[in-house]
Amino acid sequence: LESSLLTQPWASVCFGESAFLAKVCFRDTGYVLLISDLTSVWYESADAEAVGQRSKELNKRLTVHVSSFLHHLSKLMCPLLAGEPNTATSFSCHRAAGGLSLHVKSTLSGLPFYWDFHCCPAPVEMVSRHLVRPLIRMSLALQCQVQQLTSLLLQKDAEIEDYRESGATLSRDRLRTEPFQEEMFQQNFMAE
């Protein structure tokens with residue numbers, strides 16, 4: 001499950017006044033949820049047995065197979081992470097010293113459905129694998145793209161200057177551009 005979670009994108013979600021980044025992976029055998037407020041990172045991993053036990057505690061009137069609970073949870077969480085929350089479902093969270101609880105209220109087969117995700121602090125290796133390393137890789141890829149685009153702009157400026165020196169003129173003056181100033185661009189980029 002956790003390796004499948006690596007392929008899931010982070011999504012921005014709000015619970016009340018609190019904004020989070022979250023990602024989740026559901027299978028018939030359980031789920032893994034990873035959630036962060038960019039200060040802390042929490043997670044919960046639950047197998048089918050844990051899901052079955054918790055579903056009996058929270059939903060005494062519902063008797064459905066564990067895979068149905070997991071499928072229903074997926075149908076509640078995935079639209080939320082896609083930015084299309086279901087108005088019939090409510091989410092709330094509570095931070096405690098030892099973790100974060102995410103409460104879900106909905107319906108299943110016309111009966112009330114409740115679920116609590118009990119998240120504990122994520123281990124450093126998990127935070128590194130899912131958050132830090134991908135961010136550093138993306139930052140390096142973006143720096144490489146900026147260098148390639150800077151080089152291309154400088155080449156284009158040299159090409160335009162060669163045309164000007166050969167006597168070429170613009171047919172429309174509004175297309176005229178100033179030469180690219182790499183140092184100024186870098187300063188502005190770092191300032192932003």
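The model is a predicted one. Helices α2 and α3 pack at an angle of about 85°, and a search of the whole structure finds six salt bridges. Among them are a pair between Glu44 and Arg54 and a network that links Glu125, Arg129 and Arg133.

**Packing of α2 and α3**

- Helix α2 spans residues 48-58 and helix α3 residues 66-81, and their axes lie 9 Å apart.
- The angle of about 85° makes α2 roughly perpendicular to α3.
- On the α2 side, the contact is made by Ala48, Val51, Gly52 and Ser55.
- On the α3 side, Val66, Phe69 and Leu70 take part.
- Five of the contact residues are nonpolar, two are polar and none is charged.

- Glu44 pairs with Arg54, with the closest N and O atoms 2.6 Å apart.
- Glu44 belongs to strand β4 (residues 41-47) and Arg54 to helix α2, so the bridge ties together parts that are ten residues apart in sequence.
- Glu44 is buried, at 6% relative accessible area.
- Arg54 is also buried, at 12%.

- Glu125 bridges to Arg129, the closest N and O atoms being 3.5 Å apart.
- Both residues of the Glu125 and Arg129 pair sit in helix α4 (residues 124-165), four residues apart, about one turn of the helix.
- Glu125 also forms a salt bridge with Arg133, where the closest N and O atoms are 2.7 Å apart.
- Relative accessible area is 42% for Glu125, 26% for Arg129 and 33% for Arg133.
- Glu125 is partly exposed, as are Arg129 and Arg133.

Definitions and conventions:
Residues numbered from 1 in each chain as written. Predicted model: local features only at pLDDT ≥ 70, side-chain atom pairs only at ≥ 80, totals over all residues. Heavy atoms only, no water. Axes fitted to C-alpha atoms, helices over the stretch in contact; angles between N-to-C directions. Helix = DSSP H or I, 4+ residues; strand = E, 2+ residues; numbered from the N terminus. Parallel < 35°, antiparallel > 145°, perpendicular 65-115°, else oblique. Contact = heavy atoms within 4.5 Å. Nonpolar A, V, L, I, M, F, W, Y, C, P; charged D, E, K, R; others polar. Salt bridge = Lys/Arg side-chain N within 4 Å of Asp/Glu carboxyl O. Buried < 20%, exposed > 50% of the residue type's maximum accessible area, 1.4 Å probe, protein only.
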